[in-house]
Amino acid sequence: MAVKKFVVGCFEEEDVLFNAVKKVRKAGYKLHDVYTPMPIHGLDTAMGLRDTSLHTAGFVYGITGTTIALSSISWIFTTDWPLDIGGKPHLALPAWVPICFEFTVLCAAVGMVLTFCYLCQLAPFVKKHHFDLRATDDKFVMVIECTDKTNVEEVKAFLSGAGAQEINVQHAETGWWLGRYDKERKLFEEKTETVTA
Amino acid sequence: MASKYESLVRPPLVDGTKTYHQVTEDIVRPIEAPPTRAWWIGFIISVILLLFGAYSIYREVTYGVGQWNLNKTIGWGWDITNFVWWVGIGHAGTLISAILLLFRQGWRTGVNRAAEAMTIFAVMCAGQFPIWHMGRVWMAFFVMPYPNTRGPLWVNFNSPLLWDVFAISTYFTVSLLFWYSGLLPDLATIRDRAKLKWRKHMYGVLSFGWTGSTKHWQRHESLSLVLAGLSTPLVLSVHTIVSFDFATSVIPGWHTTIFPPYFVAGAIFSGFAMVQTLLLVTRKVLKLEDYITIEHIEVMNKVIVLTGSIVGIAYLTELFISWYGANKYENWAFFQNRLNLFSPYGWSYWLMMGCNVLSPQIFWFRKMRRNIVVTFFMSVIVNIGMWFERFVIIVTSIYRDYIPSSWATYYRPTIWEVGFYLGTFGLFFTCYFLFSKFFPVIAIAEIKHILKRSGESYKAKMVDVEAKTVEEYYHETQHAHH
């Protein structure tokens, strides 16, 4: 995760941001990400992001849960320990509906939340670079990545034309690292190696 | 732009002219300010109650369930009554966050966070009762189904008591995940505003490194929606399964098919009452009247009058069926043990009827629904009534069993049984006080999400739009889009 150069624009209004996102894509700049204080419906489509398949994963986890519950209970009560409980049949399917249902929900929910955390790289002690701290308060922050060919001044002018209120240039790591928010630490420290001849 | 057709009759969900920053300020202020005197007093009282509860449990573990006056006839007393009551309280939170999310009810945003927290704390309290009720509590792990060294000894998957184990633990886990995943963005908001070092660190750890990236929001929305879809049948299933503890038995007074829907309605009824009790105090103390408005309170009162009436119909149906079914034991349970005011527990049945069925009818009047004092008083009455519902079901059904020689004369709880109940109040309020001090009691991001659509200033602008003809409006929006 190398350090990259970004042009950061802060917007005040989500409507202005929407149009700016469309313009950026048309102009062909490399849109790194947009950070907002709340979910904005349709922004993902405007940015050209693929729809998430988290719900499909949830379905798979759920089905897995049902299968595990149903197969283990039937194995236990018919093969491993066939016990006569009040003359009820060993394969008492209706009586297993509650547990199978609960286990399905449990597996789907836990699996989805873990997958969500994995996909978004969220965990305790995970630290990321924040382009603007007000992005979780009231600012809409658009970040454009600079490549070798990018003219920074041009991007700045472009963002200001698109309605950005504040614009600045930052060098940042895009990934995540383990760290504390009250202490500054980067993933890669710049080390000077001493070479002994 | 569809808002042209949104009715103006609907009042704004957020009062006053707020900006996004103002919303953050208002909700985070109590967290950043030092705790008030009232907070300390409430917190200390809760902790004392909690300690008393812990001592009561210590007595019970040391001397056995006899400490609770339980015996062969009265096997379930206050403990299971309290268990069912606390689980019921929990239901409103999940209902608000899940079912209302699926039904796209905007008003849930103001109350969902506190209600979900209430759910989690209530389920924590509820879970205590069956566990300590086991008597030899060190054997509690026997309810876990796993290949073990005790021979081929498995749990009974056909037993409603085991279904309970699965239902309550799943309910707790899913509610916790739902609540916490919703908290992540708001914790990040607090972290990014924090000036103090420890606060930056604490909320940095708690917020999991949330940035507010669009892709993350997209997944977050998808996650919330699917969790809501999973929780919706879960809400209904949990109290249904709790009711199976009774309904699948052959005890007169418990053996009824109406129990599942009747228990679910009762759970929502008591849960909303508890949400009212908590939020009326919270909004006042934390000065959040603009976010938890009188409209929110009125809507919840409507839910209370609806579910209270459903519960009332269920009571009448039970009586009718016990008469129509012509089973003499059932008949005895309903008409002698309960309905007869002069029987030993007749008073509790009529107290339940009065609190749950008659008194909420006051909410047919709009003036009463919007009256804070009446609402607060009623919310407490409803919770008392719903506690007595569980008490009536349990105690009046079992204190006189099939063998008159073992009839209990009168069941009175001991101080340690009462102490355990008070202890769970201590646990509940200790958790709630800590929650209201360190976490945002209102979902900040969700309020911001509905602010433009349902804020007061926006509604005011809509009046101008509504005044225009459809042609004018169409003309304007067409231009705005090109």
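How many salt bridges does the rule find across the interface of chain A and chain B? The rule finds 0 salt bridges there. The legends below describe views of a predicted model.

**View 1. The interface of chain A and chain B.** The contact draws 62 residues from chain A and 55 residues from chain B. The size of an interface is often given as the accessible area lost when the parts come together. Between chain A and chain B, the buried area is about 5700 Å², and carbon and sulfur atoms give 68% of that area. In chain A, the residues that lose the most area to chain B are Glu102(A), Thr136(A) and Tyr181(A), which together account for 11% of what that side buries. Although the count of salt bridges across this interface is 0, the rule finds 23 residue pairs in polar contact, both residues being at pLDDT 80 or more.

**View 2. The side of chain A that touches chain B.** Several elements of chain A each supply at least two residues to this side: strand S2 (30-35), helix H2 (43-47), helix H3 (54-80), helix H4 (93-119) and strand S3 (126-128). The largest share, 17 residues, comes from H4(A). By residue class, this side of chain A divides into 41 nonpolar, 7 polar and 14 charged residues.

View 3. Ser397(B) lies in helix H13 of chain B, which spans residues 372-398. Ser397(B) counts as buried because its relative accessibility is 4%, and buried means under 20%. The side chain of Ser397(B) is joined to the side chain of Arg338(B) by a polar contact of 2.6 Å. The side chain of Ser397(B) also reaches the backbone oxygen of Ile393(B), at 2.7 Å. When neighbours within four places in sequence are left aside, the residues in contact with Ser397(B) are Ile251(B), Pro252(B), Gly253(B), Trp254(B), Arg338(B) and Val392(B).

**View 4. Ser231(B) and its surroundings.** Ser231(B) is placed in helix H7 of chain B, residues 214-247. With a relative accessibility of 1%, Ser231(B) counts as buried. Not counting residues up to four places away in sequence, Ser231(B) touches Thr94(B), Ala98(B), Val174(B) and Phe178(B). Tyr262(B) stands 31 residues from Ser231(B) in sequence, and the two are 19 Å apart in space, C-alpha to C-alpha.

Terms used. Residues numbered from 1 in each chain as written. Chains lettered and ligands numbered in written order. Predicted model: local features only at pLDDT ≥ 70, side-chain atom pairs only at ≥ 80, totals over all residues. Heavy atoms only, no water. Helix = DSSP H or I, 4+ residues; strand = E, 2+ residues; numbered from the N terminus. Buried < 20%, exposed > 50% of the residue type's maximum accessible area, 1.4 Å probe, protein only. Polar contact = N/O pair within 3.5 Å; in protein donor to acceptor, adjacent residues only side chain to side chain. Contact = heavy atoms within 4.5 Å. Buried area = accessible area lost by both parts, 1.4 Å probe. Salt bridge = Lys/Arg side-chain N within 4 Å of Asp/Glu carboxyl O. Nonpolar A, V, L, I, M, F, W, Y, C, P; charged D, E, K, R; others polar.
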